[in-house]
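Colleague: Could you show me how to read strand pairing in a model? I would like to follow it step by step.

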Protein chains: 2
Amino acid sequence: MAQEAAPQTHTACTGVDLGITRVFALLGKRWTGLVVAVLGDGPAHFAELRRAIPGISERMLSDRLAELAEAGLVLREVDEGPPLRVRYQLTESGCALGPAMTELRTWAERHLPATPPGTC
Amino acid sequence: MAQEAAPQTHTACTGVDLGITRVFALLGKRWTGLVVAVLGDGPAHFAELRRAIPGISERMLSDRLAELAEAGLVLREVDEGPPLRVRYQLTESGCALGPAMTELRTWAERHLPATPPGTC
């Protein structure tokens, strides 16, 4: 007896897919995307990251870096001093976000209105 | 007298660029990316969106949809009832996020570990 095909459903879970859910569990937190974007330009020390992201607090930056390290996107390296400093850089996984970041940047230029010129 | 070249600086503002800042002012809020992802599959009523995004509250979904509408990504349409229902769909700008969402999804499949199998 021929086996019947399973009925077609829109998605297995009729909900948002797990890949996108995982992405935004990470990037859907304030500052995380900006930290990744800044590190996309190259390794940076904690103080440099703070300067590059106006408004972020020391505590928030520290939390976001810890989350990114735990997710395998960021590597933390201690520069023996003095003064002792901590340097952060993207891992291979973090670097692999580059094309998506480029897409987002291109999209913003076309579709998100510019903020009024700032004083930077 | 020859004019001296301006000293090379890393970026004009030595900070994160405005495009990425604008993107994550929007997508760096909990749920927003998931709402965009679900609407990427087609228009949906409020209740359908809520079902598709496990854990989101009515209030949060309502706030996120209002922010997305204000940013020009989502269109709100009233279906005269009864029962009266509100349908949401991506605008052209919202749809244009598709390639970036695809990049993010592809990246997650390769670089973010899967969550343990759920019960959905």
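Predicted model: local features only at pLDDT ≥ 70, side-chain atom pairs only at ≥ 80, totals over all residues.

Colleague: What do strands of a sheet pair through?

Modeller: Strands of a sheet pair through hydrogen bonds of the backbone, in a parallel or an antiparallel sense. Here, in chain A, strand E2 (residues 74–79) pairs with E3(A) in the antiparallel sense, over six bridges.

Colleague: How many residues lie between E2(A) and E3(A) in their hairpin?

Modeller: Five residues lie between them in that hairpin.

Colleague: Now chain B, please. What is the order of strands in its open sheet?

Modeller: The three strands are ordered E1-E3-E2, with antiparallel pairing. Strand E1 (44–45) and strand E2 (74–79) of chain B are the edge strands, as each pairs on one side only. E1(B) is joined by two bridges to strand E3 (residues 85–90) of chain B, and B:His45 stands opposite B:Arg87 in E3(B).

Colleague: Which helix lies across E1, E2 and E3 of chain B?

Modeller: Look for helix H2 (residues 32–39) of chain B, which lies across those strands and runs at about 90 degrees to E3(B).

Methods:
Residues numbered from 1 in each chain as written. Chains lettered and ligands numbered in written order. Pairing = 2+ DSSP bridges. Helix = DSSP H or I, 4+ residues; strand = E, 2+ residues; numbered from the N terminus. Contact = placed C-beta atoms within 7 Å. Axes fitted to C-alpha atoms, helices over the stretch in contact; angles between N-to-C directions.
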